[in-house]
Amino acid sequence: MVALLELLTVVLLVSIAVSFAAGLLAWRERPEPGASALVLMLGGVGWWTAFLVFELQADSLARKLLWSDVQWVGVVVIPLAWLLFALAYTGRDEYVRSHVVAVLAVIPAVTVVLAATSGSHDLLYRSTSVVSYGDLVLLHRTGGPWYWVVAAYTYVLGVLGFVPLVDLIRSNAVLFRGQSTALLFGSLTPWVTNVLSVAGMLPLPEFDPTPIAFAVTGVAFLGALTQFQLFGASPAPNWRARRLVFERMDDAAVVVDRHGYVVDANESAEPLLGRSRYDAIGESVASMLPSLGPLDGECRPEHVTIAVDGDDTPFDVSVTPIHDVRDRLIGRVVTLHDVSRYFRQKQRLEVLNRAFRHNIRTDTQMILGYVGQLSVDTDEEREAVDIVEQRASRIAGLGEKARVIIDLLEREQEPTRPVSVRELLDGRVERLRDAFPGVTVDVAEFPADCRVPATLGPVVWNALENAAEHNTNENACVNISVETHDGRVQIRVADNGPGIHEGEYEVLQRGTETQLDHASGLGLWLIHWGTDIAGGHVTFADNEPTGAVVTLDVPRLD
């Protein structure tokens, strides 16, 4: 039997060495999700195994009892650390909080205290005896009430730790199947061994070979660390990222860990990656999308060009960091939005802007200039010339409004610049009075320190101009008032003219025009779009007894 003692000692020492090696590799991977918990668990394994060796080698009953009681520190640490590792590694670290850990640590703490005082009570052990197999002397200890509490606690935490790993294997993240399978195999071995030992189904009922089984755990974890990139391509960001990324969203989305390895992607990303999303998992995103540049760099381009089906396509790129509950970076979500349509639209707007800014203005001025040189001999000729002048002036005005609209659309992406309402109104009110001397313009008192988006300037002018220009009342007037409440500013322009036709309202509400149903010009569209760009909305209403009220509701930027 001497050979049996030596054999057990050698096997246990091998288990300690393997656990130490795996723990050292895990220690080097901190602060990767789950690395610290794995170190703690392997440390518990080493503690339990080392003091089991001391127990086997002890030459007195007192020493065997001492080392047996000391082993409980490692025994109770293992299930707690296992659960914490499984939760953190799979991204469910929202459950790994200090108060949760404190509650879970109550039973281990009580167990250690009871083990240290086991000689004065029978809660942990009801009886203790010695069994000899030649020179191999083993303790036979019958469990007390608390022993079975600890056993139940251990198995419950073990099952809870297996659940997220099984879910990870069942998921589509092919990369993590090798990792999780190795972890499950390595973890199941000691758990099953412990169950068989507690049930008395092993050749040496008095000897718990669970620490020896942990040698298998160490080997499996070493394989997961070295062969399956246990922490090199961590699935922790995967769990959180699924809350941000929808599988079938139109935009391409790629989830990477903190090292830049792809851990998930949606279907829309496959044409960009040039391969199946399953084949892309575990690859470096920089190797597949080099134009992205460093994901954590401040100089990362806002737009990138990627070849899709042979065509160079521009994309707007946004990178969303993924943090755990302790605000540590564990990965990123890279979203790529196809902006080719936007770029085409921008190019068209630039062409139209140039045409309205130069061509139409120049041509209408030439028309008006040549019309002024025409000799008019009859009333019919005078009427024809007047019509030409009116139409040319109308085209010029239409072109000017179109130019202003294009300018507003181009400024939509620019940062919002605040301007005081007084600055916004004063100059334009004076300009209105000069342009329409027959119209009475009244401005009610308003807060002097009120500020609104500067892009509202052309909108206010068009609202004022429309109210005065189309006012056919003998006592034409335009009333302007400003109100503020709840962080909003309402600028009201009211007139006593004929009002706005109901069909104009319907076109604006519908947001589109048809050949039979359209607005009479661009003025109302300018007001509608400009207010929207300023972050607000516009409403049109009838004034009493006649006229219209235009209300611009925008955010206050004090």
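This note walks through a predicted model, point by point.

1. A word on the ground rules. The model is predicted, so local features are taken at pLDDT of at least 70 and side-chain atom pairs only at pLDDT 80 or more, while totals for chains, interfaces and linings use all residues. Residues are numbered from 1 along each chain as its sequence is written, and side-chain values use heavy atoms, with hydrogens and water left out.

2. The overall picture. The protein chain has 19 helices and 14 strands; both are DSSP runs numbered from the N terminus, helices being H or I with at least four residues and strands being E with at least two. Of its 558 residues, 45% count as buried. Here buried means under 20% relative accessible area, exposed means over 50%, and partly exposed lies in between, with a 1.4 Å probe and protein chains only. The chain exposes about 28,600 Å², and carbon and sulfur atoms supply 56% of that area. Accessible areas come from the Shrake-Rupley method with a 1.4 Å probe, and for residues only the protein chains shown count as cover.

3. Contacts along the chain. Among contacts with a separation of 6 or more, residues 24 or more positions apart account for 63%. Contact means heavy atoms within 4.5 Å.

4. The largest pocket. About 880 Å³ of space lies in the largest pocket. Of the 36 residues that line this pocket, Trp48, Tyr147, Asn194, Ser197 and Asp208 are the closest to its centre. The elements giving two or more residues to the lining are helix 2, helix 4 (72-89), strand 2 (136-143), helix 7 (145-170), helix 8 (175-198) and helix 9 (210-226). By class, the lining has 22 nonpolar, 10 polar and 4 charged residues. For the terms: a pocket is an open set of points on a 1 Å grid over the protein atoms alone, where a 1.4 Å probe fits, with protein on both sides within 12 Å along at least five of seven lines, and lining residues have an atom within 4 Å of a point. Grid points are joined across faces, edges and corners, and the volume is the space filled by probe spheres set on the points. Ala, Val, Leu, Ile, Met, Phe, Trp, Tyr, Cys and Pro count as nonpolar, Asp, Glu, Lys and Arg as charged, and the others, Gly among them, as polar.

5. Threonine 49 lies in helix 2 (residues 35-57) and is buried, with a relative accessible area of 0%. Leaving out residues up to four places away in sequence, threonine 49 touches Leu12, Ser15, Ile16 and Pro211. Tryptophan 47 also lies in helix 2, but counts as partly exposed at 35% relative accessibility. With the same exclusion of residues up to four places away, tryptophan 47 touches Val70, Gln71, Val73 and Gly74. Tryptophan 47 and glutamine 71 are 24 residues apart in sequence and 6.8 Å apart in space, C-alpha to C-alpha.

6. Strand 11 and its partners. Strand 9 (residues 440-443) pairs with strand 11 (residues 477-485) in the parallel sense over 4 bridges, and aspartate 442 stands opposite asparagine 479. Strands count as paired if DSSP finds at least two bridges between them. Strand 11 also runs antiparallel to strand 12 (residues 488-495), joined by 8 bridges, with valine 482 opposite isoleucine 491. Strand 11 and strand 12 form a hairpin with 2 residues between them.

7. Backbone angles worth a look. Most residues other than glycine have a negative phi, and most peptide bonds are trans. Aspartate 486, in the loop between strand 11 and strand 12, has a positive phi of about 55 degrees and is exposed, at 75% relative accessible area. Aspartate 327, in the loop between strand 6 and strand 7 (329-338), has a phi near 60 degrees and is exposed at 59%. The peptide bond from glutamate 544 to proline 545 is cis, with omega near 5 degrees; proline 545 is found in the loop between strand 13 and strand 14 (548-555).

8. A loop glycine. Glycine 535 lies between helix 19 (523-533) and strand 13 (537-542) and is partly exposed at 46% relative accessibility. Not counting residues up to four places away in sequence, glycine 535 touches Arg488 and Pro555.
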